[in-house]
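Here are a few questions to work through with the model open beside you. Take your time with each one before reading on.

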Amino acid sequence: MLPLFIASTFAIPAASSSVQIPSDVLSVAVTAVRYASIAYCPASVTKALSCGNCQAPAVKTLKSIKVTTVDDLQYYTGYNPASNQIVVSYRGSSNAKNWQRNNDATLTSVSADAGTVKIHNGWLGSFKDTQSNLAADVGALLKTYPNADLLFAGHSSGAAVTAIAAFLAVQKSGFLTQLGVSSKRVNVITAAGPRVGNPAFATAFSKTAFKSAYRIAKGSDVVTLTPPEPTYKHFEREIYVDSSSTGDNIPVFCDQQPSSTKKGSCSNRYTSAEVQAATGGIGAQHMSYLGVRVGC
């Protein structure tokens, strides 16, 4: 888990040009945060669904759970018959080598259907190191549940790797495409994620025909403001959570325009340095999203 610091009050004004989120979308987003939280648990806890978030009504029906560890990395897969979804979630930073990958912020060129994009080298490497395992795990679940949709969920650096996995899996050469799964069956919902790639990646991701794709962020969470713009850019669509010392306010949809270099009215309204100075670092705001306490 990421280290915690005590965050000071950092009230951010509500986003302009925003749209309140429908209750059904918000419910799905909350469930995705719970899935991402479970990824931090030890394998035995995840398999047994014996954590607090594991027992939420929308989560406790998860079955066929498999936890896969590759070197310093860990993710899990499973199937939820209640939603007819195969769930994929990568764990966030939990050890020194994870942090080495986080700090490897060189942009690496990747060939995508929309052309060449550039992705954070450390997190791209995390996906590549687990790609064959993930393809096999998801493939096995698809054989048993061939009509299932997929949900990719992750928190923090786990959000970054999860987003990369979903994006590359639905490219023409990606493992989901090879398995006959269209991007229109894939949902991507991440929370507290950093920026993953350059503006070309943000645009390509945002234009991918996912069934749904949401990135949950707070202006008071420094992680969502790194690595810095304009070299890096967030993909859309953002679920923006206005937070203060009293907790999370009503989340809204907030589009940041991936091609823009101007300060926005969403989570990008401040720089990471400004948030760092106000909050003291990666604090409690990073580990609580949509009322869900992240972690095992």
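Q: Is Ser 64 buried, partly exposed or exposed?
A: In this predicted model, Ser 64 sits in strand β2 and has a positive phi of about 55° although it is not a glycine. Buried would need under 20% relative accessible area, and exposed over 50%. Ser 64 has 37% relative accessibility, so it counts as partly exposed.

Q: What is the bridge partner of Tyr 75 in β4?
A: Strands β3 (residues 73-80) and β4 (residues 85-90) run antiparallel and are joined by 6 bridges. Within β4, the partner of Tyr 75 is Tyr 90.

Q: Which strands are at the edges of the sheet?
A: The open sheet has 9 strands with mixed pairing, in the order β1-β13-β10-β9-β8-β7-β4-β3-β2. An edge strand pairs on one side only, and here these are β1 (19-20) and β2 (63-70).

Q: What angle does helix α1 make with β7?
A: Helix α1 (residues 23-38) lies across several strands, including β3, β4 and β7 (149-155). The angle between helix α1 and β7 is about 65°.

Q: What is the omega of the bond joining Glu 236 and Arg 237?
A: Most peptide bonds are trans. Arg 237 is in the loop between β9 and β10, and the bond joining Glu 236 to Arg 237 is cis, with an omega of about 5°.

Notes. Residues numbered from 1 in each chain as written. Predicted model: local features only at pLDDT ≥ 70, side-chain atom pairs only at ≥ 80, totals over all residues. Heavy atoms only, no water. Pairing = 2+ DSSP bridges. Helix = DSSP H or I, 4+ residues; strand = E, 2+ residues; numbered from the N terminus. Contact = heavy atoms within 4.5 Å. Axes fitted to C-alpha atoms, helices over the stretch in contact; angles between N-to-C directions. Buried < 20%, exposed > 50% of the residue type's maximum accessible area, 1.4 Å probe, protein only.
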